[in-house]
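Let's take a walk through a protein model together. Have the sequence and the 3D view ready, and look up each spot as we get to it.

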Amino acid sequence: MYAAVVTAFDAPPSYREFPAPTPTGSDEVLVDVLASGLHPRVRSQASGSHYTSTDELPLIPGVDGVGRTRDGKLRYFVLFDTAVGAMAEQAVIDLRRSIVLPPDSDPVAVAAGMNPAMSSWIALRQRISFAPGQSVLILGATGSSGKLAIQVAKHLGAGRVVAAGRNPGKLATLTGFGADETVSLSGSPEEAADRLGQAAADVDVVIDYLWGAMTAAAMRAIVTQRSDRGKPLSWIEIGSMSGPEAEIPSAALRAARLQIVGSGQGSVPTRDILAELPALAAEIARGTFTVDARPVPLRDVETAWKDADNDQRIVITPN
Ligand SMILES: NC(=O)c1ccc[n+]([C@@H]2O[C@H](COP(=O)([O-])OP(=O)(O)OC[C@H]3O[C@@H](n4cnc5c(N)ncnc54)[C@H](OP(=O)(O)O)[C@@H]3O)[C@@H](O)[C@H]2O)c1
């Protein structure tokens, strides 16, 4: 079969032949892959920098996707951490980590949307007690995950959603995704945090795709400008676009009723992630959320990798 093959962690995958994988366990089957998303998680897998990475090479990237089984059914699947991923003509999936999709589902939309939508869906449903009517601030809302977080939060009953991002052009589009207000993160973290303090100091939940210096400044501003510091504030760390580490002020944890939790592979047990897949896939398949996706054929995977435009989620499709 043909596949996207990584042979060095500092180079993009190339399109070449690779032995097709064979099912070994009783729950495993071979699927024809129809779509697999090029998520930040996949980029970090291919560069060997994800926290689950090993030094095994060559590897085929791709952590999830949509495939067709021999019986003609469409399935969304999530792979185990593996060196033989989904960006190939075929992949071995575990039926227990996959769900059957309605036959008229758009494989590209599902493959594009599941990973970014899952980030906020699981965070709000599994990591905190989110109640309808609560207000949400999304830090780093201009990406695929952020745009879906606006829609997921509203779908799950959020009262007010404030979307914050640094890219002015993309920020201006976010009310179209359901944001009630947008806040620019341009300038220094302290300048951006001032604006956040004015617009979002009283939110109930922060969904954080940024971390780094931006989060440290934002947390300080929000905690100190809160009108009721006894009101619970749940800060859910999901991504680290602004930096892997943040200097969290100790006073923030003492001076306000702040809880910081993370949401991702590990902090949410696999069985709980899998349990959320059917409901989320059903919403995406039914078109509840706007998913910006761009299909790219497998043979062009190397060019797709070098494309830095993150406005649409690239989805690798068969040739
Ligand atoms: N834990 C989970 O379950 C989970 C699931 C999915 C994603 N994630 C993580 O969430 C993060 C976002 O993912 P994504 O799918 O939204 O990625 P994406 O579609 O590539 O978008 C990334 C966004 O982040 C913005 N950005 C980058 N650096 C920034 C900074 N310093 N300050 C403000 N904005 C910045 C980019 O804006 P520009 O246009 O300005 O570059 C872009 O809009 C990644 O770290 C990803 O690994 C985690």
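## A tryptophan in a loop

Let's start at W211, which sits in the loop between β11 (205-208) and α6 (212-225). Keep in mind as you look around that this is a predicted model. Is W211 buried or exposed? Its relative accessible area is 13%, so W211 counts as buried, the cut-off being under 20%.

The backbone here is worth a look too. Most residues other than glycine have a negative phi. W211 is not a glycine, yet it has a positive phi of about 55 degrees.

Now for another backbone detail. Most peptide bonds are trans. The bond joining L57 and P58, however, is cis, with omega at about -5 degrees. If you want to find P58, go to the loop between α1 (40-46) and β4 (64-68).

## The whole protein

Time to zoom out. How many helices and strands does the protein have? There are nine helices and 15 strands. The radius of gyration is 20 Å, close to the 20 Å that the globule rule gives for 319 residues, so the protein is as compact as a globular protein of that length. Along its principal axes, the C-alpha trace spans about 60 × 40 × 35 Å.

Of the 319 residues, 51% are buried. Take the contacts between residues at least 6 apart in sequence: 70% of these join residues at least 24 apart.

## One pair of rings

How many aromatic pairs turn up in a search of the whole structure? The search finds one. The partners are Y2 and Y15: their ring centres are 4.7 Å apart and their planes meet at 20 degrees, so the pair is stacked, since planes under 30 degrees apart count that way. Y2 belongs to strand β1 (residues 2-5) and Y15 to strand β2 (residues 14-17), so to speak two distant parts of the chain linked by the pair, 13 residues apart.

What about their surroundings? Y2 has a relative accessibility of 31%, which makes it partly exposed. Y15 is partly exposed as well, with a relative accessible area of 28%.

## Inside strand β15

Our last stop is strand β15 (residues 313-317), where you'll find V315. With 0% relative accessibility, V315 counts as buried. Leaving out residues up to four places away in sequence, V315 touches a whole list of others, including A35, S36, G37, V108, A111 and R294. Which distance separates the C-alpha atoms of V315 and L38? They are 5.8 Å apart, although the two residues are 277 apart along the chain.

T317 is in strand β15 too. Its relative accessible area is 15%, so T317 is buried. Again not counting residues up to four places away in sequence, T317 touches L34, V108, P295, V296, P297 and L298.

Conventions:
Residues numbered from 1 in each chain as written. Predicted model: local features only at pLDDT ≥ 70, side-chain atom pairs only at ≥ 80, totals over all residues. Heavy atoms only, no water. Helix = DSSP H or I, 4+ residues; strand = E, 2+ residues; numbered from the N terminus. Rg over C-alpha atoms; globule rule 2.2 N^0.38 Å. Buried < 20%, exposed > 50% of the residue type's maximum accessible area, 1.4 Å probe, protein only. Contact = heavy atoms within 4.5 Å. Phe/Tyr/Trp six-rings, centres within 6.5 Å; stacked < 30°, edge-to-face > 60°.
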